[in-house]
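Subject: Structure for you to look at

Dear colleague,

I am passing on the structure we spoke about, with the sequence alongside so that you can follow the residue numbers.

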Protein chains: 2
Amino acid sequence: MDYYGEKIGSLIEELASLPGIGIKSAQRLAFHIVNMPKEKAHALAAAITDARDNVHYCRECYTLTDRDICPICANDKRNHRQIMVVENVRDLAAYEKTGEYEGVYHVLHGAISPMLGIGPEDIKLKELMQRLQSEVDEVIIATNSGLEGETTAMYISRLIKPTGIKVTRIASGIPVGGDLENTDEVTLKRALDARTEI
Amino acid sequence: MDYYGEKIGSLIEELASLPGIGIKSAQRLAFHIVNMPKEKAHALAAAITDARDNVHYCRECYTLTDRDICPICANDKRNHRQIMVVENVRDLAAYEKTGEYEGVYHVLHGAISPMLGIGPEDIKLKELMQRLQSEVDEVIIATNSGLEGETTAMYISRLIKPTGIKVTRIASGIPVGGDLENTDEVTLKRALDARTEI
């Protein structure tokens, strides 16, 4: 790539190392960046270092935040006795967007996956159990509904049961607006099993 | 997006303003970046500012370079009497990758497009005509084969004809409506070999 010169070459290389960005997208982005107004390019670079240097885990729920305690955990109006367990920060955001959940969260940063060699000690499970020392009414397990998510849900459920704290799992079923025709058999079966009277 | 906190929020915003990066990709990238080793994140930021601050047009051919004159124009072994006119730097790179072209380039940074309001004065055409004051044997027009590219090719051809310099157009073989950037090297080479005078 030395027909681009060293500076563009190394920018392309850095961009291409990001997930989901191939060499062509990296080239397009690099040329966009060198043609950007200078202050825009500097703002992008500053946002990267600023986020990397100042973002860490919330001391309570382990979401990513630039404060000591994240805005959700610091909010007195939220129900701190109800904890929703999610695999990652994007899942937390997905539930926050609904505006329907008033409890707090616990971010595992992963799911148990024997195939990938990820065990219970590799995710924030010990930290969850520590939080349960204080008064908690309910733990809602909102891990994904794939193999890893289900394994993790089962594991957590068995871990918490002896403490007497209520453990629930978000329902799986047909997504709203989804077609039965395009829904996989496992989901169809689950939706049938979990049917409710109307 | 304030459940992510300000730092991640502004990083997501900056990333989402890049072309081809939607809000979901921006989120994924942002979380990747805050989890990167610190030196990797800083290297990415540095590559951005470094490229933006130090990359400019080559004084000769108007490609992007971090030197005064780009490595191609500075290369005495290239044929400086043969100039290939391309729309952008990615197209130059596409021909360089073939390893088949030994002349030099001229990067227009665009194509004439009455629809988008881009006229001959908005691309590096005046600069091309200035280069033709020195001794040039042939101008190879390698603009894309879409409407804008063909319009630009015709315009340049008519402009240069009176000077007596040979003007050629790369052959079709490149699918009509396609971009040079996404064309395989064999097709690019064939198109070069079969160029015709226009």
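Please keep in mind while reading that this is a predicted model. The contact between the two chains draws on 55 residues from chain B and 54 residues from chain A, and together the chains bury about 5,100 Å², of which 66% is on carbon and sulfur atoms.

On the polar side of that interface, 14 residue pairs are in polar contact across chain B and chain A, counting pairs in which both residues are at pLDDT 80 or more. Salt bridges between chain B and chain A number four; one of them joins Lys7(B) to Asp50(A), with 3.3 Å between the closest N and O atoms.

As for which parts of chain B face chain A, at least two residues each are supplied by helix H1 (6-16), helix H2 (23-35), helix H3 (38-54), strand S2 (64-65) and helix H4 (89-98) of chain B. Of these, H3(B) provides the largest share of the side that touches chain A, namely 15 residues. Sorted by class, the residues on this side of chain B comprise 29 nonpolar, 11 polar and 15 charged.

The largest cavity holds about 60 Å³ of space and has a lining of 13 residues, with Leu15(A), Leu18(A), Ile48(A), Leu15(B) and Leu18(B) lying nearest its centre. Two or more lining residues come from each of helix H3 (38-54) of chain A and H2 and H3 of chain B. What is the class make-up of the lining of the largest cavity? This lining has 13 nonpolar residues, with no polar and no charged ones.

The second largest cavity, with about 30 Å³ of space, is lined by Tyr4(A), Lys24(A), Gln27(A), Arg90(B), Ala93(B), Ala94(B), Lys97(B) and Glu181(B). Helix H2 (23-34) of chain A and H4 of chain B are the elements that give two or more residues to this lining, and H4(B) contributes the largest share, four residues. By class, the lining of the second largest cavity contains three nonpolar, one polar and four charged residues, whereas the lining of the largest cavity has no charged residues.

With best wishes

Note on methods. Residues are numbered from 1 along each chain as its sequence is written. Chains are lettered from A and ligands numbered from 1 in the order in which they are written. This is a predicted model: local features need pLDDT of at least 70, side-chain atom pairs count only at pLDDT 80 or more; totals for chains, interfaces and linings use all residues. Side-chain values use heavy atoms; hydrogens and water are left out. Contact means heavy atoms within 4.5 Å. Buried area is the accessible area (1.4 Å probe) that two parts lose on being put together, summed over both. A salt bridge is a side-chain nitrogen of Lys or Arg within 4 Å of a carboxyl oxygen of Asp or Glu. A polar contact is a pair of N or O atoms within 3.5 Å; within protein, one must be able to donate a hydrogen and the other to accept it, and residues adjacent in sequence count only if both atoms are side-chain atoms. Ala, Val, Leu, Ile, Met, Phe, Trp, Tyr, Cys and Pro count as nonpolar, Asp, Glu, Lys and Arg as charged, and the others, Gly among them, as polar. On a 1 Å grid over the protein atoms alone, a cavity is a set of points where a 1.4 Å probe fits but cannot get out, and a pocket is an open set with protein on both sides within 12 Å along at least five of seven lines; lining residues have an atom within 4 Å of a point. Grid points are joined across faces, edges and corners, and a volume is the space filled by probe spheres set on the points.
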